[in-house]
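Reader: I would like to go through the terms used for this structure. Please set each value against its definition.

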Amino acid sequence: MVSMQTSSGPSDAQHGLVSRRSVLRAALLSSAFIAAPALLAACAPPTTTVATNKIFRVGWKSDIDTLNPLTTVTTEAVEVQSLIYDTLMAYGLDLKPEPSLAASTVAAGATITYTLRDGVTWHDGTAFTSDDVVYTFDLIAKNSLGVNAQYFSDYVSAAAPDAKTVVVTFKRPQAFDPGLVVPIMPKHIWSSQSVDQIQKAANDKPIGTGPFTFKERKQGQSVSVTRNEKWWGDKPAAAGASWTVYTNDDLMAQALKNGEIDIIPQVPPTVFTGLQGETTLTSESLDSFSFHHIGINLSQVPGSKGNPLLLDKGVRQALGYALDRKQIAEIAYAGFASPGGSILTPSLGDFYYEPTGDAVIDNNPEKANALLDAAGYTAKDGDGIRQTKDGKPLAFRIIAISTTSTDVRTAQLFQATAAKVGIKLDFATVDSDTMASTVYNVEAPDWDIFVWGWDSGVNDPCYLLGVPLTSQIGGNNDVFYSNPAYDALYDQQATELDHAKRVAIVMQMQQMFYEDCGYLVAVYIKKLQSYGNAGWANLTAVPGGIIFNFTRDNYLKATPAGS
Amino acid sequence: MTFDLGAIDGGAVAAPPRRTSNLRLLWRDRLGRTGLILLAISALMAILGPIVFPFDPAQVGANSASILQPPSLTYWLGTDELGRDVFSEFLAGARISLFVGLMATLISTIIGAGVGVISGYFMGPVDGGLMSMTDFFLVVPALPLMIALGAIFGQNLLIIILVIGFLSWPRTARIVRSQTLSLRQRQYVARAKSLGASDFRIIRKNIAPHVMQLIVANTILVVAGCILAEATLSFIGLGDPDRISWGSMLHFAFVSGAIGRGAWWYFLPPGLGILLVVLAFTLVGHAFERIDNPRLRGSA
């Protein structure tokens, strides 16, 4: 598995593990609202799709964790749930918000008013009303349930003046509209259960308002959904969708060639080059909002078992100079990545900071050696490993998820280049659960360095910039970076509506974080997706992915090939 | 008053000295000879490999064009997913695979032979206790246990050697015990005992030399098993990621999609390497068994 979307990290201390990307969807929404806290009118484009009997078949490497949107942690599950449930607003193929269950949304001051669409029913035939929305928002906000709870910290109340209107009140004007991310749940099904029951609910027969109804789940193997003939929107051509779990990349690629599946949303680079040559397939290498990085444990809590030498910025910078990012992009990613640097990706346009000249901390062993020599770390006893004055070796542990072969290769390459400047890296691989629980152990993090990634997928800097905030320790902050100056700048840019001024602040933040070397961003990755030409057409290749993106529209707009 | 125990011991090792003729017998055995030649080749590869490496096995490629390249005059066995020379890796892998196999066997043999001799010699409750333990390890499914232990204790060479060694001794213990049981009934043992020889001395002088032959034959077979075990653990990703072994080469070939791409030069050499070395040890081991046990002769 090449990408990290499926790897989980905690969203907040109380709620354990959360999909890294599902969190980030919210950020996209948030940015959209900062830019335009606007009224969005319903404007459905004319439909061209004709309902068929064909199934949209996806192959991936991980099973979904649960069908319960209030406890889900994997992006796979969010992908499936996004077709069963609707949100009030949703992302189109231009990655901009569009009306969904809400025909219109008006944000005024600290309230957001949603006017709901007519004629929406739940999959079981019950009518959808504003009560369902109020119930869902209340449930999440008052019990801090699930990934989306973090967007309800200023929540006061939700009211339903009539069956078609919902008024949500917050303490302060909200940059971010939770209506964009919260799957609306049916009150008539869930309200009879206690919060405890809801948190334990498998929800194995989910009822939503979405374009597809749940069909079947075979744990560890597959999930499938069937077209909802009574859906309020334009009916998708696909009679259903299925997601099948493959344990091996080669088998999955073979299944795609044989036409057993229609699309693979995450193809590893070495497999991808093989698929590119296939004339029966379309293989897209898409820009993404993802990077993979080397994270350095900066925790200073008493229980931290991280190597204290890493708290020396000089050592971290030396590691940065030892890292050969170009080599990693070329070799570990077979060229399907570009050398990294800042915490923001180049796809974020003018927000992206690119260090130049002397500011560059990359592939410069001489500088690494000079830094370490000056700091008194010298190799004395002939093994080539530098030591502190009191004899502690510059030897660190480095971990990566065993099945993420690109991260494993990155670690191997880094190990070799670090050795050249006298830093020893002891490499071990772990499974993804162990990775999450080890790295995010706030009280006693027992690790030194990891290789992992973030998938922003947002066309706004706020999500990725927010990762290393002090307030995100226990949340997304995977290296326990804490810098009050950085935190202050973050708050500044979040309220700065002048683009040029905001860019200036964002640049300053990136530069600051880059120099501190808590992250050594190794590469900006390409999203590699392949689909069979005999399967589905009219698939739009958007940044972030045809599917497995924060828009579900390719599922809805795909048409059978040759039709 | 002292007895000359040496004289008695001398009687104990009355069997004609066969050590030198064993190798000759082995050479005369067609399959044994094949195994011996294969073993010599792998040993040579493991010992001389690092001296004659065409490339540093850790030297990665220059760019994405050097990844998974088919064999060429420069790279005799092509390159892997990091652009490293597969031939150099293959030679380096021989070293680790053989090293782990031999070290684990050493541990396994020491435990197995020790338990077997003590159990067979003392009989009674000692035997009962040790044999229940042996039976336990014999029926425990070794591979899942190795996987579990490997996952718990981490991935370094020493742990892997210990895990494999500690889980592969029961067969040796069983065989050595039955031989010891028969040896301890021999008259010369009773004589040594009546002359006041200590148990330790009897084991050392009268029992051990006679089970040695058996241990050697069995050990050679155990090596094959240990090499396979290392390859298995490494293949499923529990090997030492810092070191190249044939098993880990197969692992990386598998996860990097080399098989789907048809990069045979990457997965075939380590696979054949394992096959041939295991075959070699098995051939030699069985040849030894035939030499040891004349009833088996003529079967090959």
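Reader: What share of the contacts in chain B with a separation of 6 or more is between residues 24 or more positions apart?

Author: That share is 73%, where two residues are in contact if their C-beta atoms, placed from the backbone, lie within 7 Å. This is a predicted model, in which local features need pLDDT of at least 70, side-chain atom pairs count only at pLDDT 80 or more, and totals for chains, interfaces and linings use all residues. Residues are numbered from 1 along each chain as its sequence is written, while chains are lettered from A and ligands numbered from 1 in the order in which they are written.

Reader: How many helices and strands does chain B have?

Author: Chain B has 12 helices and zero strands. Helices (H or I, at least four residues) and strands (E, at least two) are DSSP runs, numbered from the N terminus.

Reader: What percentage of the 300 residues in chain B is buried?

Author: The buried part is 46%; a residue counts as buried if 20 or more other C-beta atoms lie within 10 Å of its own, with C-beta atoms placed from the backbone.

Reader: Which residues of helix 12 of chain A are buried?

Author: In helix 12 (residues 432-439) of chain A, they are A:Met435, A:Ala436 and A:Val439.

Reader: Why are they put on the same side of helix 12 of chain A?

Author: Because they cover an arc of only 95 degrees around the axis, the arc being that of the directions from the helix axis to the C-beta atoms.

Reader: How many residues of chain A are in contact with chain B?

Author: 21 residues of chain A are in contact with 21 residues of chain B. Helix 11 of chain A gives the largest share of the chain A side, five residues.

Methods:
Buried ≥ 20, exposed ≤ 12 C-beta atoms within 10 Å, placed from the backbone.
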